[in-house]
Amino acid sequence: MNAQLRPALVIFALLSVITGLAYPLLVTGVSQATMPDQANGSLVQLQGKAVGSSLIGQNFSEPQYFWGRPSATGPMSYNAGGSSGSNLGPTNPAFLDTVKGRVDALKKAHPNQAGAIPVDLVTASGSGLDPHISIAAAQYQLERVSAARKLSGDKVSKLLAENTEGRQFGVFGEPRVNVLKLNIALDEQYPLAK
């Protein structure tokens, strides 16, 4: 028994040091050296203070800001510690009621919009934390944001174009807008009167 116990303990200790200490330190060191922004959470800084991450959506509900995709995380919205979808299928009555409520709220906030509401404004992403919206979703909100900020639609449209991200590697996905970055750009270029 002792002949088997000692080698097992030595291997356990050696693997614990390798996988629990050496490997994490190596990965952390390489990531900090090669991509420090991503390794530190892709934080968005404003006046030297972190205001969010470019990878995690935030709740904007004021009319002067673009709104992001709804969050399905619980128990509170946009909870990075609770990343998950709603797990409700497209025919589930609770899901349909939720989407209907979101559609009604958007129609109330955008009474002059006659077109279809972009799907990403009424459904959550798989993680429930998507920081991006489609160009169509941003354009749908353009009139409301322009009116709330007392700006011409052209100014806000130009800012939207400047903050549009292209397809990943020029091939994958669709052009999109990071809502946090767009709202920060709005505040920087067209500060709200206090």
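Trainee: How many aromatic pairs does a search of the whole structure find?

Mentor: Two aromatic pairs turn up. Keep in mind that this is a predicted model. Take phenylalanine 60 and tyrosine 65: their ring centres are 5.5 Å apart and the planes sit at 45 degrees, so that pair counts as tilted.

Trainee: And are phenylalanine 60 and tyrosine 65 buried or exposed?

Mentor: Both of them are buried.

Trainee: What about phenylalanine 169 and phenylalanine 172, how are their rings placed?

Mentor: Those ring centres are 6.3 Å apart with planes at 90 degrees, so the pair is edge-to-face. Phenylalanine 169 is exposed, with a relative accessible area of 69%, and phenylalanine 172 is exposed too, at 54%.

Trainee: Okay, switching to charges. How many salt bridges are there in the whole structure?

Mentor: The search gives six. One of them joins aspartate 104 to lysine 100, where the closest N and O atoms are 3.0 Å apart.

Trainee: Why are aspartate 104 and lysine 100 separated by about one helical turn?

Mentor: Because they are four residues apart in helix 3, which covers residues 93-109. As for the surface, aspartate 104 is partly exposed at 39% relative accessible area, and lysine 100 is partly exposed at 49%.

Trainee: Which residue does arginine 149 form a salt bridge with?

Mentor: Its partner is aspartate 187, with the closest N and O atoms 2.7 Å apart. This pair links distant parts of the chain: arginine 149 is in helix 4 (residues 135-149) and aspartate 187 in helix 6 (residues 179-189), 38 residues apart.

Trainee: So is arginine 149 buried or exposed?

Mentor: Arginine 149 is buried, with a relative accessible area of 9%. Aspartate 187 is partly exposed, at 28%.

Trainee: What does arginine 176 form a salt bridge with?

Mentor: Glutamate 165, and here the closest N and O atoms are 3.7 Å apart. Arginine 176 belongs to strand 5 (residues 176-178) and glutamate 165 to strand 4 (residues 164-165), so the bridge ties together parts that are eleven residues apart in sequence. Glutamate 165 is partly exposed, with a relative accessible area of 23%.

Trainee: Back to helix 3. How far apart are its end C-alpha atoms?

Mentor: They are 24 Å apart. At 1.5 Å a residue, the 17 residues of helix 3 should span 24 Å, so that agrees.

Trainee: And which residues of helix 3 are buried?

Mentor: Phe95, Val99, Val103 and Leu106. These cover an arc of only 70 degrees around the axis, which puts them on the same side of helix 3.

Trainee: What do the buried residues of helix 3 pack against?

Mentor: They pack against helix 4. On the face of helix 3 turned away from the buried side you'll find the exposed residues Pro93, Asp97 and Lys108.

Trainee: Which residue caps the N-terminal end of helix 3?

Mentor: Asparagine 92 does that, with a side-chain oxygen 2.7 Å from the backbone nitrogen of alanine 94.

Trainee: Last one: where is serine 54 found?

Mentor: Look in the loop between strand 2 (49-53) and helix 3. Serine 54 is buried, with a relative accessible area of 13%.

Trainee: What does serine 54 touch, leaving out residues up to four places away in sequence?

Mentor: With those left out, serine 54 touches Ser42, Val44, Pro131, His132, Asn178 and Lys181.

How values were computed:
Residues are numbered from 1 along each chain as its sequence is written. This is a predicted model: local features need pLDDT of at least 70, side-chain atom pairs count only at pLDDT 80 or more; totals for chains, interfaces and linings use all residues. Side-chain values use heavy atoms; hydrogens and water are left out. A salt bridge is a side-chain nitrogen of Lys or Arg within 4 Å of a carboxyl oxygen of Asp or Glu. Helices (H or I, at least four residues) and strands (E, at least two) are DSSP runs, numbered from the N terminus. Buried means under 20% relative accessible area, exposed over 50%, partly exposed in between (1.4 Å probe, protein chains only). The expected span of a helix is 1.5 Å times one less than its number of residues. The arc is that of the directions from the helix axis to the C-beta atoms. Contact means heavy atoms within 4.5 Å. A polar contact is a pair of N or O atoms within 3.5 Å; within protein, one must be able to donate a hydrogen and the other to accept it, and residues adjacent in sequence count only if both atoms are side-chain atoms. Rings of Phe, Tyr and Trp (its six-membered ring) pair if their centres lie within 6.5 Å; planes under 30 degrees apart count as stacked, over 60 as edge-to-face and the rest as tilted.
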